[in-house]
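Q: Give me a close look at one part of this model, please. I'd like the local details with the cut-offs spelled out.

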Amino acid sequence: MTAFDCPQLLAGRQTPVRYATASVDVQARAIEIQVAIDYRMPSLVARAIGRSRRVDHDRFIRYVRLADAGLRRYWSRTITLNGADYTVSVSARQTAKGLPLVLAHTGSRLLGPLSSRSSNPYPLLSGNLYYEPHHDSDSDAMFAMTAAHEIGHAFLTSAFGIRWSWGHGGTSSILGRMAATAPPYPISGEIGLMTYYRNNATQTIYRDDVLRRTIASENDVKTLLFIAGRI
């Protein structure tokens, strides 16, 4: 979904979000977008009620780097404006005034998805991003991709509201239940970062393929560009 024409995208909206800024070099056809994020440790309350476990400092720094890498990897791409290709580079900047995102370990099994499923109910609550070691050798890569997805919910909510963002562009309910109309994983080409997919009935799509082909759609990156302030 995108409701913006090229002049709007290049100029940005009149009331941009506070957490993202963009610089546009028309001559070089290059765009740099910086997203302010407030990475947080799990609170004492969250740990006490079993929503997460303690994260030591060194591991927290590692998770921050993975989340930063995920944002850069999955939101940077080429977009077309006025018939020309622009290279968009997206990066994170840590600040207490940024998007709040808790980097956590899974908590008590008694709480079910509340203590194990990553989510970002922006702007109502802080996002929670859980590191899941059961992905084995792909755990770091899955964490980075999930970080990019959850951070992306803030972008889509800021532009189109909760229903579109939390509903993954119509491919799920706002509570994350997959819609009957959700598409199957494509056999080739891009896999949209912010879309829910069903298993492909004709061909198994393996995790390494998903990690390799996933990227924020061109329309979603244009949305981020539109809502960002200008430098």
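A: Ser-172 counts as buried because its relative accessible area is 10%, where buried means under 20%, exposed over 50% and partly exposed in between, with a 1.4 Å probe on protein chains only. Bear in mind that this is a predicted model, with local features needing pLDDT of at least 70 and side-chain atom pairs pLDDT 80 or more, while totals for chains, interfaces and linings use all residues. Numbering runs from 1 along each chain as its sequence is written, and side-chain values use heavy atoms, without hydrogens or water.

Ser-172 sits in the loop linking α5 (162-166) to β8 (191-192); helices (H or I, at least four residues) and strands (E, at least two) are DSSP runs numbered from the N terminus. Beyond its neighbours within four places in sequence, Ser-172 is in contact (heavy atoms within 4.5 Å) with Trp-166, Gly-167, Arg-177, Met-178, Ala-179 and Tyr-196.

Now for the helix pair. α4 (residues 139-160) packs against α7 (residues 218-227) at about 65°, axes 9 Å apart; axes are lines fitted to C-alpha atoms over the stretch in contact, with angles from 0 to 180 degrees between N-to-C directions. α4 and α7 are therefore roughly perpendicular, a label for 65 to 115 degrees. On the α4 side, Phe-155, Leu-156, Ser-158, Ala-159 and Phe-160 make the contact, meeting Asp-220, Thr-223, Leu-224 and Ile-227 of α7. α7 is mostly covered, with 8 of its 10 residues buried, among them Val-221, Lys-222, Leu-225 and Phe-226.

Methods:
Angles under 35 degrees count as roughly parallel, over 145 as roughly antiparallel, 65 to 115 as roughly perpendicular and the rest as oblique.
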